[in-house]
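Please read these notes with the model open beside you. They go through the points in order.

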Amino acid sequence: MTRTTGRTVDGIVPPDPLPEAADPTVACARCDSTEVYLTSENAAVCAHCGTVLEVELTEIHPG
Ligand SMILES: [Zn+2]
């Protein structure tokens, strides 16, 4: 699950080829594309529309 940060990246350069889909597969909150990849700064960026996404991990194990 992702949500937009309100930021976009211009001139993004997705890895080529794109890495395996994020684990678990996440979709862009803006355009629903699954071409989401992680940057070296651990930010998720949609390769389709360039939106910087915040990935909300739902697998939280308390304790
Ligand atoms: Zn997108």
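Predicted model: local features only at pLDDT ≥ 70, side-chain atom pairs only at ≥ 80, totals over all residues.

1. Residues are numbered from 1 along each chain as its sequence is written.

2. The mean pLDDT (the predictor's confidence in each residue, from 0 to 100) is 78 for the protein, and 73% of its residues reach 70 or more.

3. The protein has 4 strands and 0 helices; strands are DSSP runs of E with at least two residues, helices are runs of H or I with at least four, and both are numbered from the N terminus. Confidence is highest in strand 3 (residues 44–46), at a mean of 88, and lowest in strand 2 (residues 36–38), at 84.

4. Strand 1 (residues 2–8) pairs with strand 4 (residues 51–55) in the antiparallel sense over 4 bridges; pairing requires that DSSP finds at least two bridges between two strands. Thr4 stands opposite Leu53 of strand 4.

5. Strand 4 also pairs with strand 3, antiparallel, over 2 bridges, and Val45 has Val52 as its bridge partner. Their hairpin has 4 residues between the strands, and Gly50 takes a positive phi near 80 degrees there.

6. Of the 63 residues, 11% count as buried, that is, with 20 or more other C-beta atoms within 10 Å of their own, C-beta atoms being placed from the backbone.

Technical notes. Buried ≥ 20, exposed ≤ 12 C-beta atoms within 10 Å, placed from the backbone.
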